[in-house]
Amino acid sequence: MFRYRLSQAAQGDVLGILAWTHEQFGEAARLRYERLIVVALRDVASQPDRPGSIARPELGAGVRSWHLRLSRAHVELGAEVVRRPRHFLVYRVEPALVVVGRVLHDAMELARHLDREASWK
């Protein structure tokens, strides 16, 4: 299993997503979405090129994306699932480390929100 790190931009994305979810749908929904994000991070750290991930060469060498909906089945048994997650991780693998550059809404245009250099710090 690789370790993972969220860039500053990805950390901000997660905080914004969770704050918006809390405001719109309440604490229980925020906790469900937070749990799903953690599971998705663990999924890509355990197998960065796992089936369902998408290579994104237009965004840089080794960049991939993983939609949160693909991790719903991995949330612990008995926990409520997020029915329609709308976000995905944009990440790349560095030696023994998965770096998540952004966590974006699936309606966003990737190239407009991912700076090839700054998004990975």
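Which residues of H2 are buried? The structure examined here is a predicted model, in which local features need pLDDT of at least 70 and side-chain atom pairs count only at pLDDT 80 or more, while totals for chains, interfaces and linings use all residues. Residues are numbered from 1 along each chain as its sequence is written, and side-chain values use heavy atoms, with hydrogens and water left out.

Helices (H or I, at least four residues) and strands (E, at least two) are DSSP runs numbered from the N terminus. In helix H2, the buried residues (under 20% relative accessible area, against over 50% for exposed and in between for partly exposed; 1.4 Å probe, protein chains only) are Ala29, Tyr33, Leu36, Ile37, Val39, Ala40, Leu41, Asp43, Val44 and Ala45. Their cover includes strands E1 (3-6), E3 (63-67), E4 (87-94) and E5 (97-105), together with helix H1 (8-25).

Strands of a sheet pair through backbone hydrogen bonds, either parallel or antiparallel. Two strands are taken to pair if DSSP finds at least two bridges between them. Here, five strands form an open sheet of mixed pairing, in the order E1-E5-E4-E3-E2. E1 and strand E2 (54-55) are the edge strands, each pairing on one side only. The pairing of E3 with E4 is antiparallel and extends over five bridges; arginine 64 stands opposite tyrosine 91 in E4. Contact means heavy atoms within 4.5 Å, and angles, from 0 to 180 degrees, are taken between N-to-C directions of lines fitted to C-alpha atoms, for helices over the stretch in contact. H1 packs on the sheet, touching E1, E4 and E5, and its direction makes about 45° with that of E5. H2 also packs on the sheet, touching E1, E3, E4 and E5, at about 30° to the direction of E4.

A salt bridge is a side-chain nitrogen of Lys or Arg within 4 Å of a carboxyl oxygen of Asp or Glu; the count by this rule is six. Aspartate 13 and arginine 102 form one of them, at 2.7 Å from N to O. This pair links distant parts of the chain, H1 and E5, 89 residues apart, and both residues are buried. Within H2, arginine 30 forms a salt bridge with glutamate 34 at 2.9 Å, the two lying four residues apart, about one turn of the helix. Glu27, Arg30 and Glu34 are linked in a network of salt bridges.
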